[in-house]
Structures are given as structure tokens and as C-alpha cells.
Amino acid sequence: MFILMNKRCFLGAVLLSLWLLVLGLSPDLARLAAQDRGLAWNATASTDLVYSFSDGAAFARSGSLQQFAETLQGGFYSGLTTVSLGFQGGDRDSAQLVGLVKFAIPYGSAAALLAQAGSPLAYELELAKLYVTVSFPQADLSLGRMIVNYGKGRLFSPSDLFSAVNLQDQALGRVGTDVIRLQLPLSDLAGLDLVSTLALPPDQAVFGGRTFATLSGWDLSAMLFQNGGGLAGLQNGTAGSAGPAEEPAEPALLGGFDWKGDLILGFYGEALFAIPYAGYRLVPDRTGYSLALGADYSFGGTWFCTLEYQGNFGQGPRFGQFRADTNLFASLSWKLDEWTSVNSHLIYIVDTTAWQGILSLQRTLMGRTSLSIYSAASRGIVRTAAPLAENTPIGLSFGLTLRAAF
Amino acid sequence: MKKLSPSYVIIALVSLMGLFPIQVNLSAQSLPSLSGEEILKKIDANASFGILRYRGVMEIQQQKKMLIKEFMAIAEGDAKAFVEFINPEDRGIRYLKIDKDLWMYFPDEQETIKISGHLLKEGMMGSDVSYEDALESGNLLKKYTVAVAGTENLDGRPCYVLELTASTKTAPYDKQKLWVDGERFTVLKSQMLSKSDKLIKESLALQVRQYGKRWFVTELRMEDKLKKGGGTTFKMTDLEFDVSVPEDQFSLRRLSR
């Protein structure tokens, strides 16, 4: 059995240590000259048009051309035009401000969903990133909304406590969260990273540290975090809809390690444990484990493939975006030339037979513009461990995305 | 007409030589005899510098299409390099090279990834310059045996022709052929070959400039002969040698800051 002091005191002790460290570094503040070099801006604009069917299997059941046409007309149209404005100001050696604002106008079914959610506006405004980094000779202190990206996996990454993958994004991009972060370099290739959430109540906060190093060509790291109970809600918030909402908010001590290196093919993995609390005591008998393994390889510089597995074991709390016992991911890309590629990926949950896949053709039209045509299909919700009903339909959609950078 | 005396003619010629020094151009045949190892060492000595900072442009051409990538680079010898792209579509993407290891940083995802070994043969940012080409630290002698195949004139420059044969499995190419400027000791042309002498890649120096005592190739054309048409032109401008940089310039901290 392991006895911890009151969690609030523990949190206070950690934060106090951070403040003492900052105060200790404060003499260096006087030597930091104010840097005002204005803001550097960049922007991307994209429009996404999608035609979707709630029951894609109806096409296979069509017995005639008329039925096929009726099914085709039974789809619904949605779209999203997004302008992302990024800015960065300051100096890397003293202080920086980084931000990313997304302005999106939905239409079709997407606009209807927004109206149903009770939004009085016909658009969405998202502050995807906004943080300040103050750099001292011995440390970098960041505060605000940022992506804390720990994981080695392209999709499965249980160690990514603070950033969830956006499954609606073809590129499987990640979403930021509000944290305070202290990064302490130990050498050019090693360091210590201390992070704590800001948006959660203190008794539900998620905080802790991770240390990393590169040895003999392998990237290695170990982490230890305290989950006050807010982790599931945090990941729901960053992951968006269809998150693991059914999991209770259970306080736990999280720890583990990860690696990435080469064994002819690229090989990486993460192994984590979660020991829940009963009151202020840890309950090792109910420890939950998560293991993610992945490999990537390329053939002739033309074909690129990635295979990943994530397994969750034990009776204890489950964390991460994918809660089923056995989760699989496969990705295959074919690069026709420097401007054109065909990409595909498939997520399959063995326990529930839920799956999600996408096939896309991407083409760079000119220097700063690209076009993507894609088809996506899914059955069930891949994030949860809840069993799938037999009559769960296959959702099918066809889309087109045009994107330009400035 | 009075004949000029021979001694007067000789004195006149010597005087003229003093006023107009005759530049002696070495021809390929007159290059001093050096071994392959000596030539490679002179190339390395020419290319040695403390810290180099420059602005680079990659013009990636395939058939009629052109992609332009711009970046700022800082390099310490051939073991360390830090590159940050500044063209709009790639702005903020960074590379860090330390010896044989390469990391990339993607600012949108705030993600640092280590480039797997099998990806090192890929072209950097879609160019014909592979990560392996960029990573190949100097000292070719550690990976290749070298022999002087002869001398040639290349675009008016007398050159040593070197033939390199891989002596380790880690050498990126089975064979290489180099045309080395016999006066400046810069590589003017190189060919990367397979075991069967099939041409894989070819690079050609388009511009060579002098910086102090050293000569530097500031414009290079690389063509992947396994692809149809196209190639990558690599240009270096605003070169600054032996600049001072922060202590952590070549670190993961700087990469993700």
C-alpha cells in the first residue's frame, strides 16, 4: 500500500516548487531586454464540402438503378469554410507569444448542428492556440493553450495526456489544451518537462513530469503524472464528440515510458500504468495498463506504411482516447510524384468491431494550394469500449477540401 | 630598317611581363600528382568552418512544375545543422541534425519527431536532395575507398577525377565519381552510382565563390536520374562564416522553441 499526503497539499507543493524556481530565476529577468519585433502572421484558408449518407450499406442493398438513385439522393450535404490565422511575436531567447485562431463558417447539415447546439452565431470561433513562453538560460516557462505532444504513435498514443487526436481531421492532427509548462534542458538532447493543467479545478488537476533523452540513436522517455480525476473530461474536451464519456472521472497515478528507434523498420512504443486511488491511498491491485506498439516502413520511396496496436489491460482505470482492449491502426500511402499522393488509413476496434477508414487523393495545385478528394466510412464509435449494436449502420461520406496558405 | 638587338628584345619582354603578369593556367595535364586521400583531405580542409549561417533556396522542378522552398540554416562543420523553413506553406518546420541523427519539428502540431532510418533516402521536403545526402558527414574516407581515375577539364576548370567505392554497408551509395577542381578543391560534379554502374543521382556545381581563403559551392543542381525529368537547384546566399550562435543552437530545446 502506498500512502500519499492530502492531494491538495501535494498539488500545492508542486506549484510552490515551480514558483520558487521561477523566483530563483528572476535575477535573470532583469537582464532580459524587452524584445519588440512585432508579430509575424500566417494564414491558411480551406473549404471542405462533404456529401454523407447515414447508411452507406443501402447502396449494396439497392436492387435497381432507381433504388440506387433514391439512396444517392437521400444523403445530406455539409460544408465548412475555415480561415486560420496564426501569429508569433517576440524573441526565442527571451519571450514569445504564439497564437492560432480559427474562424469557421459551417453550412448545410453542419450549420444545422450548430443551430441545434443553441449557438446564436452562424459561425464558430476557436482559439486553438494562445500561449506565452518566457525563456531563461536554464528553463522555458510556457503558459496558455498549447499542444503538449508527447506521443510517439501516429494515432495510438496513451502518453498523450494533454493532446487528443482529431479523428475528423484527415491528417489526424492534435488539439491543444490549457496548461502551464516548465521545460528544463539537461543537455542538448535531454531534458525535463513539467506540466500542469490550468482549466480544471485544483482537486481534479492533471500534473506531473516527463524526462527524455537520446541514447545510441534511440529516443527514450519516462513520465509520472497525477490525475486528480479530470483527465477523462480533459480528453473529451480536446477530442471533441464521441469521446470516452462513459468512463468515470477516477483519480489515479499515471506512469510509464516510451521509445522510438530503428530496427530496420522504424519501431516505437509506449507502456503506461494507472494506479487508482481509494481516498488518499493507491490501490495497486486495480492497476490498469496500456501498451502501444508501432512500426513504419517505406518501399522505394513510393509506398509508406504504418501499423499500430494499442492494448488496454487490467481492471483499473483506462486512459487515452481508445478504451477498448484491442485497437488496431493501419496506414498506407502511395506517393505518385512530389505533388500527388494517395493516402488511406483504417482504425479497427477488435472488441467492438467498430471501425473508421478514409481514402484520399491529395494534389498540390501550385506552390501554396492543395486539393484533396476523399471518401470516409465508419461504423460505430472507435473511441469507446461499448459494444456495437448489430444494426449499427455504416456511415459513408465523400468530400473535397481545397486549402491555401499565405 | 635597323634590326633590334636580341638583348634589347629580351629586356623589353621582361619589362612587359613586369607590367602585365602572365597568368599561368593549369591545364588538367599539369595538375600536381596527388593521391585520392590527399585530395579528399584538401576538400575537407576547404570546407571546414566554425559555424556557417546562410539563407538557402531549393527550387524543385519536375517537368513543368516548380516548388520553391526557402530556409535559414546554421551549420557547425558537417556534424551539426539547424534548418528552419521560411516559405509560407512550410513556415516554421525545422530540422536538427546531429551526426547521423535527424529530427523534424512541426509547429502546427508542436511535435518533434525523429526521422526513421528508412526515410533517410527520401528527398528533403520533396527535393532530390535526400536526408541521407544531407546527413552524409564529411570524411568520405571512412565509408569509401578512393582512387584517382585521372584528370579532366570540366567547364574550363582542371579537375581530378576520383572514383569512390563503398567500403562499409552504411555508405549511402555503392559508388561515387567526383570531379574535383584541381586548384580550388571544390567538387564541381559528382555522380552517385549503383554496383552495376547505373547512374542514380548527379550533382553539378553551378556557382563557386571565394570567401577569404576558401572556395565554396554556392549553387548546386541535383538530379535524380531514376525519376523522369526535373531536379533540384540548391542556392546559398548571405553566407556568414564563424558567426556566434546561442550555446543551445543545436539542441532539441532550440528545435521546439
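**Two chains and the contacts between them**

Chain A and chain B bury about 3,400 Å² between them, with 43% of it on carbon and sulfur atoms; buried area is the accessible area (1.4 Å probe) that two parts lose on being put together, summed over both. This is a predicted model, in which local features need pLDDT of at least 70 and side-chain atom pairs count only at pLDDT 80 or more, while totals for chains, interfaces and linings use all residues. Residues are numbered from 1 along each chain as its sequence is written, chains are lettered from A and ligands numbered from 1 in the order in which they are written, and side-chain values use heavy atoms, with hydrogens and water left out.

Visitor: Which residues of chain A lose the most area to chain B?

Guide: The size of an interface is often given as the accessible area lost when the parts come together. On the side of chain A, three residues together make up 21% of what that side buries. They are Arg92(A), Asp188(A) and Trp339(A).

Visitor: How many residues of chain B are in contact with chain A?

Guide: Contact means heavy atoms within 4.5 Å. By that rule 45 residues of chain A take part, and their partners in chain B number 36 residues.

Visitor: How many salt bridges does the rule find across the interface of chain A and chain B?

Guide: A salt bridge is a side-chain nitrogen of Lys or Arg within 4 Å of a carboxyl oxygen of Asp or Glu. Over all chains the count comes to 24 salt bridges. Across the interface of chain A and chain B the rule finds five.

Visitor: Why does the pair of Arg92(A) and Glu84(B) join two chains?

Guide: The side chains of Arg92(A) and Glu84(B) meet in a salt bridge, 2.6 Å from N to O. Arg92(A) lies in the loop between strand E3 (76-91) and strand E4 (95-108) of chain A, whereas Glu84(B) lies in strand E3 (residues 80-85) of chain B, so the pair joins chain A and chain B. Strands here (E, at least two residues) and helices (H or I, at least four residues) are DSSP runs, numbered from the N terminus.

Visitor: Is Glu84(B) buried or exposed?

Guide: Buried means under 20% relative accessible area, exposed over 50%, and partly exposed in between (1.4 Å probe, protein chains only). At 15% relative accessibility, Glu84(B) counts as buried.

Visitor: Which residues are linked with Asp140(A) in a network of salt bridges?

Guide: The side chains of Asp140(A) and Arg253(B) meet in a salt bridge at 2.9 Å, N to O. Arg254(B) and Asp248(B) also meet in one, at 2.9 Å, and both of these residues are buried. The network links Asp140(A) with Asp93(A), Asp248(B), Arg253(B), Arg254(B) and Arg257(B).

Visitor: Which strand gives the largest share of the nonpolar patch?

Guide: The patch covers about 680 Å² and includes Leu49(A), Tyr77(A) and Leu400(A); patches are made of residues with over 30% relative accessible area and no salt bridge, with like charges joined within 9 Å and nonpolar side chains (Val, Leu, Ile, Met, Phe, Trp, Tyr) within 5 Å. Strand E18 (355-366) and strand E20 (395-405) of chain A each give two or more residues. The largest share, three residues, comes from E18(A).

Visitor: What percentage of the residues of chain A count as buried?

Guide: Chain A has five helices and 20 strands. Of its 406 residues, the share that count as buried is 45%.

Note on methods:
Accessible areas come from the Shrake-Rupley method with a 1.4 Å probe; for residues, only the protein chains shown count as cover.
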